[in-house]
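Visitor: I would like to learn how to read a few features of a protein model. Please take them one at a time.

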Amino acid sequence: MRPARSVTTFAASAASILALTMAGLPAHAQQAAPVIDAPAAAPPQARANPLSESVAAVVNDDIISSYDLMQRMRLLMVTSGLQPTQENLPQLEQEALRSLIDEHVQMQELRRVEKEQKITIISTDKEVDEEIGGIAQGNKMTAQQLLDQLAAQGVSADTWRAQIRAETSWQNWISGRYGSRLRIGEDQIKAFQRRLSESASKPQYQVSEVFIDATRVGGPDVALNGARQLVTQIQQGAPFPAVARQFSAAATAANGGDAGWVSPGEMPAEVDVALEQLRPGQLSTPIPVKDGVYIVYLRDKRSGSKATLVDLKQVAVALPKDAPEADVQAATVLLAGLKPKLTSCPTLEAEAGKVSGVVAGDLGEAEIGDLAPAFQEAANALNVGQVSDPIRTDAGLHLIAVCGKRQSGAAAPNHDQIENRLRGQQLALISKRYLRDLRNSATIETR
């Protein structure tokens with residue numbers, strides 16, 4: 001691969017992208033698919049005069065024009081839900097260019113194999129239409145409505161179709177060529193089952209992930225900076241699954257970053273440490289690892305050995321450990337009088353806030369065995385919706401409300417599920433190595 005030079009011909013087009021898409025797309029962080037719900041926007045621009053286009057990159061004999069790059073940037077922003085800013089435009093440009101280069105390398109290889117083996121690999125127009133129809137159905141609209149939404153954001157149908165064609169063609173080729181040759185041995189499955197059994201007593205985490213490959217993006221510093229910008233965008237409403245599909249280099253990208261349930265030791269040690277500190281529903285900060293940077297979203301957590309988890313809220317009066325008995329008695333009377341008014345968890349803080357000297361807060365979900373000794377008895381004895389009598393601790397006097405209670409743990413995957421998971425991991429690794437070799441042998445020049 002030839003050394004890349006910085007892309008300077010695209011600077012003028014970036015301003016038009018910023019103006020066109022600054023309004024952004026409202027979305028929730030955990031929707032299952034990227035919903036393209038565009039507000040009123042500038043009308044789609046006609047294709048620029050070919051004579052005014054410049055060359056953004058050359059991949060062997062294929063040219064990627066500045067128009068192609070601008071279109072891919074728009075598509076990237078619309079389908080990921082990212083809001084363009086002056087700070088993240090360079091990252092979006094580089095990601096768009098990298099994806100275009102990868103797709104050209106892949107399509108060149110597929111055309112070579114088709115010609116050499118006289119077979120059909122590249123997805124037909126009908127197959128691309130079916131894929132678009134499936135995505136549209138998942139977003140509860142017709143294919144034409146979906147394409148119209150893209151057009152309203154200045155993205156041509158040809159740009160999206162080209163991306164879908166490359167993705168589906170490459171996935172089908174890898175699966176067809178190597179899938180039937182892979183043999184997942186019983187020893188591998190038993191080893192996986194053994195690891196599951198050994199980790200049964202450990203906490204497990206239901207995780208979604210984005211992995212930024214430092215080698216692919218230009219080094220650890222670039223990867224860390226890009227991850228920081230993605231975290232900011234996700235916090236501002238960009239859907240995590242859509243961001244994962246467009247930016248993650250992990251095998252889970254195709255599933256919106258869904259890594260399923262993982263135990264300590266399955267992910268890098270740095271990620272394990274971060275997961276221990278997260279609560280369900282929280283997004284991590286960027287986590288640097290040896291070869292890149294992770295962003296993880298903790299969807300749920302369960303303790304080992306099917307422990308009981310409780311979701312607690314508290315109402316408290318602060319009292320030092322050596323508070324006079326008269327102060328303790330006064331606080332006890334105050335909380336005892338407040339307890340009958342605490343009729344539901346959603347209104348607990350508001351009701352407690354009416355009483356001077358009382359504070360209320362959410363303690364979150366925890367295993368009963370991990371609670372402070374003073375709270376364990378109440379958490380075991382109370383049913384959901386019930387409130388304890390005043391409990392004395394070194395910090396004060398507390399009422400504990402049980403807002404939820406459940407058993408952790410779940411059924412282990414069966415033999416076929418384990419085999420499919422291992423097969424998918426191996427196919428993803430093969431695809432990554434195959435593409436890496438193609439890029440290394442290609443003549444690629446960015447301008």
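Visitor: What percentage of the residues of the protein chain count as buried?

Guide: This is a predicted model. Of its 447 residues, 46% count as buried. The chain exposes about 22,500 Å², and carbon and sulfur atoms supply 52% of that area.

Visitor: How many helices and strands are there in the protein chain?

Guide: The chain has 15 helices and 12 strands. As for contacts with a separation of 6 or more, 73% of them come from residues 24 or more positions apart.

Visitor: How is a pair of packed helices described?

Guide: Two packed helices are described by the angle between their axes and the distance between the axes. Here, take helix α2 (residues 66–80) and helix α10 (residues 240–247): their axes come within 8 Å and cross at roughly 150°. An angle over 145 degrees counts as roughly antiparallel, and α2 and α10 are therefore roughly antiparallel to each other.

Visitor: Which residues of α2 and α10 make the contact?

Guide: From α2 come L76, T79 and S80, and from α10 come A242, V243, Q246 and F247. Sorted by class, the contact has 4 nonpolar and 3 polar residues, with no charged ones.

Visitor: What should I look for in a salt bridge?

Guide: Side chains of opposite charge can pair when their charged atoms come close. The structure holds 19 salt bridges. In one of them, E109 pairs with R112, with the closest N and O atoms 2.9 Å apart. Both residues are in helix α3 (residues 89–117), and because they are 3 residues apart there, about one helical turn separates them.

Visitor: Which parts does the salt bridge between D125 and R165 tie together?

Guide: The side chains of D125 and R165 meet at 2.8 Å, N to O. D125 lies in helix α4 (residues 125–138) and R165 in helix α6 (residues 157–178), so the pair ties together parts that are 40 residues apart in sequence. D125 is partly exposed, with a relative accessible area of 47%, whereas R165 is buried, with 19%.

Visitor: Which residue forms a salt bridge with K354?

Guide: The partner is E351, and the closest N and O atoms are 3.5 Å apart. K354 is exposed, with a relative accessible area of 62%.

Conventions: Residues numbered from 1 in each chain as written. Predicted model: local features only at pLDDT ≥ 70, side-chain atom pairs only at ≥ 80, totals over all residues. Heavy atoms only, no water. Helix = DSSP H or I, 4+ residues; strand = E, 2+ residues; numbered from the N terminus. Buried < 20%, exposed > 50% of the residue type's maximum accessible area, 1.4 Å probe, protein only. Contact = heavy atoms within 4.5 Å. Areas by Shrake-Rupley, 256 points an atom, 1.4 Å probe, with all protein chains shown as cover. Axes fitted to C-alpha atoms, helices over the stretch in contact; angles between N-to-C directions. Parallel < 35°, antiparallel > 145°, perpendicular 65-115°, else oblique. Nonpolar A, V, L, I, M, F, W, Y, C, P; charged D, E, K, R; others polar. Salt bridge = Lys/Arg side-chain N within 4 Å of Asp/Glu carboxyl O.
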